[in-house]
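These are my notebook entries on a structure that I looked through one part at a time.

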Amino acid sequence: MNNNYESLTKGQSLLWIGQEINPESPVYNMVMTYDLKIPIDVNHFEKAFEELLYRYDALRSVFVVKEGEPFQLFLQDHNYTLEIVDFSNEQDPIAVYEVWKKDRVAKKFDITTCLLDSVLIKLSTSHYVWYINQHHLITDAWSNGILFSAITNLYQKSKNGEPLRTLEVFSSYKDFVNKQKINTKAKEYWKNKIKNSPPVPSLYNKSAINLDTNSNRLHVKLGFERSKKLRLLANEKGVRVWTEHLSLYNIFLTTLFAYLYRVSGQEQLVIGSPTHNRTSKQTKETVGFFVEIFPVFATIDKNETFLSLLKKIQIESNSFLKYATSGASSSDLHRSFNVLFNYINADYPDFNGTPVVSEWMHSGHHDPRHHIRLHVHDLHNTGEIQLYFDVNNHVFDAQTQALIPEHFIALLDAFIDLKDQVIEQPSLLTTKEFKQITDVLNNEELVNTSYTNIITRIEEQVDKSALDKSIVFKQEVLLYKELNRKVNQLAHYLLAQNIGIGSQVAICLKRSSEYIITVLAVLKTGATYIPIPHNYPKDRVTYILEDSKASLFIGHEEKQLIDYKELSIRKLAIDELLNEVTDGYATTNPLINIAQQTTAFIIYTSGSTGNPKGVKITHEALANYINWTKEAYIDKHAIEQPNIPLFTTVGFDITANAVFLPLICGGVIHVYQEDNTEVDLSILDVIEDNTIDFIKLTPAHLNFLKGLDLSNSNIKVMAVTGDEFKTELGLYIFNAFKGKVKLYNEYGPSEATIGCIYHEFNPDKDKLPGVPIGLPIDNMQAYILDKYLNPVPQGVVGELYLGGLGLSSGYWDRQDLTDAKFIENPFLTGSKIYRTEDLVRLNSQGILEFLGRTDFQVKINGHRIELGEIEANILSYKTIKNCAVIVIENEEGLKSLAAYFSSPMPVDLKELRAFISQKLPRYMVPVQYKQLENIPLSANGKIDRKILKSINTVLVETTLEYVAPRNEIEQEITDIWCAVFNKTKIGVHDHFIELGGESLMAIQITTRINETFELKTPLNKIFELQTIANISAYLEEVITKILNE
Amino acid sequence: MQEKIIKYIEELSSEEIDESIEATEDLLGSGILDSLGMMKLIAFLEEEFCCKVLPEEMVIENFMTVLHITDYLETKLVEKQ
């Protein structure tokens, strides 16, 4: 009978495809067991079962493929019979049955011949189990209800001797298939609905790479008390909707959305939910697969409460019910979610008066697309709501699986407890889980805490290494003995000038022996030093001098200090002083007692209010950090008397490492002085000299090393810090050293003293784009918290908070800011933690991964920049009313700053740029500008930075006029620059740096120039020559020279 | 109007209905409709009477019985004119 071939319903085809994709998996087995604790007449039960097959055609259907398309056939004669198994003679029938059952549920169907497996199991004369497993293609939960009441009824009839076959006509699934009309309006609704579908969330940072159907079912009974509370909540005004079931559905769905938000951080979420789809009397009596799954959408807004989210869900679930119509589902809809919520509103009646315990068994598999399936039910109408969490084994390890129900229930309880609370407020973690995480991150067991200040440590070393080299600067060599003598003499001089504990001394010197001597001498007096880079603009230096209330300002020469003559601060020209004056002072150690909490130095960092702020570092914090670096970077690698370069700007706290670390190890400081060029290329000299053992540097520095042969380098250990360390760069450098180097990623804001979390780069294991930051150093603690200071579960993104001995004592003269950023440690009374505003997560290996900033503080080429500071300066320009600075990235991912502003008058961009250049260091001056009518704002009144990113800006190239290339060489170079900068027009006098150029671009340009002209131009030429015109002239010279040879 | 509505409800309902549904019968409370049925009924009403039931109007007070529904719809249709 050819006309027997029927198409599949929409829902069936989706399942059929799912089975085709996982041909070996029992992914769609629907297994029910019914415990019948009465004697059963097997013969009558068999007859009743036979009649089921006659009545319900779906049970007799099979699935075949014809010309590549699936069809279902409803067999007239299906010779399937109920299987009878007798375990009653076994020693422990139940145990045997359990083993049997576990194996049997995973039985795979051949859907071309039979989709049904049913067994009557005898456990004793008065205990039977009816086991029925059907492929989902022919059944659903509703059908199982129909089948169970039918068999109950038929069995009784058979026992009573009544005829089973009557004239009654039963609704057939085949009829439904034939009559199915697809509601186009609903189809259209869903099509529109998923247009802006968000990506599926990554829960606990887990995602499935290979789809796998293996899953585990976690069963949670909510308890009578909690279930009662839930029902009460469901009937509250504002919560109650059409029915109590729908109200409960909404409550659980709301909680599930809140849960997904909390464990993924994703605000826009989609959850799939099945609907029984039986909306007519006829379909309600039909056995077969009717269920279809549709998506439910929710967006979590700021300060979302359980109640406000529930209100959204109420509207959403009504629309869901309205448009969830038979045949409207599609594979596109199914792709929009990875979490399924199934509220089962069904209960199984008794078996002719005997209470029955039924169980929906888990086959050990489910649709691989679903990472979590939550089933809520009270199948036996006990009054106790139960949850099944089916979790994909491939996505979640056993440890995470166990946490899923705990976290969900924590939120459910919070909802019951106080529906008006913000969904982010309740803590998810159990005490046990919190302890596990704290154990990893917070090694509160203190090590090496006996405090010895850094000056005493150095003085002890001076005794040991008196005749060893301490500083090498060009031709100049200072032995430990000499260094200490000079330091002591200066210290005594300063003491005589009333500099001592409580004084603050600003040091604005180039990297030099004088700088080191001055820093040490200031510390020996017990005073605090404030390092100021020599090349800072006058405005910024003046600000720091005034803000810090420094009592002394030390520069190299009178010439330098004269710029600040209008400031009343005492000034000292150190170069002259050291040569002439201090020789007369005592050479002995001053022996000033320096307490733990005395501030060693104040480092000024970019501040969001428009001015930099001073971070106070105590002697205890400094000693803790330097002691640790000695162990981790020097002693651990058996380096003795390390050679360490002083080559980074003194305004950067990592520079303190290069001053103090060598001197407590008997090592040598190799000084690399900055010249007056824009870009400090000292790193290249450091590498070329090849005398050093340990170096601490930024990823930007590492970029300069690309292309250099490092296989013969003496560097044994590199600590990379100050910016995000990319794995790719790590690998590149590791390979350039032929693996003969230890690379560390060190993380730490100035507020936690130079560095506080570290990780040894592992080229085999570190596979993410960014190298992990690792775990805290000695005596430091890390916490990953959410907005409400709740610790977040492992894998979930949170904000990093730091505590421990290395914590700064706060900001200089900014108690407000100190109080805002250094808060009471909620986990350790009496201590503080610092809010970093950095996003991190504890990954599955139990180490920290850095994921970016929470605020608008950014890093460009290693420079920490508060966009607010730049904005504040732009706002101080004449007519500018509003402004926003954002980081833009070109196609190659290179970052630069763009400024957007509004003003009632036209603003001359070049003038504006020149104005900002006077106020801020070069790296903080935006290179792109755009004047707008108004700065676009988002719904909640904040500057909409996303929109800004889409507005094109104008590159402002200082005050130079555009000059087109004037000869062939200039033309070639201009083409190369335009390609690298992704610009159509660049003048030959435009500056490389001002165009936003940085090291990677310099490498690209140099490589292309060298290819074009067949030359070997060194990388630093670009930084040195700066413009196309200059480079062109240089190349011309080189080429002429070669030709003449 | 009432007849049309009752007829549609009877199609939706799974309950054995001997006599016609009374206009005063509690549709959800008596189990004639479940929430899925109720939303399908609303979809039907919107289609049939060319109106839009706003989310805040989807409350038991407007849809408890056929009588409530007709009252609600009449007000709604008057507003429209």
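I called a residue buried if 20 or more other C-beta atoms, placed from the backbone, lie within 10 Å of its own, exposed if 12 or fewer do, and partly exposed in between. The model is predicted, so I kept to its limits: local features need pLDDT of at least 70, side-chain atom pairs count only at pLDDT 80 or more, and totals for chains, interfaces and linings use all residues. Residues are numbered from 1 along each chain as its sequence is written, while chains are lettered from A and ligands numbered from 1 in the order in which they are written.

Entry: strand β34(A).
I took helices (H or I, at least four residues) and strands (E, at least two) as DSSP runs, numbered from the N terminus. I looked up the cover of β34(A), residues 832-842, and found eight of its 11 residues buried. I then listed its partners, where two strands pair if DSSP finds at least two bridges between them. Strand β31(A), residues 798-804, runs antiparallel to β34(A) and is joined to it by four bridges; here I found L802(A) opposite Y834(A). Strand β33(A), residues 822-824, is also paired with β34(A) in the antiparallel sense, over three bridges, and I noted I833(A) as the bridge partner of I823(A). With β35(A), residues 848-853, I counted five bridges, again antiparallel, and V840(A) faces F850(A) across this pair. The hairpin of β34(A) and β35(A) has five residues between the strands, and G846(A) there takes a positive phi near 80°.

Entry: helices α20(A) and α21(A).
I checked how α20(A), residues 619-634, packs on α21(A), residues 655-665: the angle is about 70° and the axes are 10 Å apart. Axes are lines fitted to C-alpha atoms, for helices over the stretch in contact, and angles run from 0 to 180 degrees between N-to-C directions. The two helices are therefore roughly perpendicular, a term for angles of 65 to 115 degrees. For contacts I required C-beta atoms, placed from the backbone, within 7 Å. From α20(A), I626(A), T629(A), K630(A) and I634(A) meet residues of α21(A) that include F660(A) and L661(A). I sorted the contact residues into six nonpolar, two polar and one charged. Ala, Val, Leu, Ile, Met, Phe, Trp, Tyr, Cys and Pro count as nonpolar, Asp, Glu, Lys and Arg as charged, and the others, Gly among them, as polar.

Entry: chains A and B.
Which chain gives 17 residues to the contact, and which 14? I found 17 from chain B and 14 from chain A. On the side of chain B, α2(B) gives the largest share, eight residues.

Terms used
Parallel < 35°, antiparallel > 145°, perpendicular 65-115°, else oblique. Contact = placed C-beta atoms within 7 Å.
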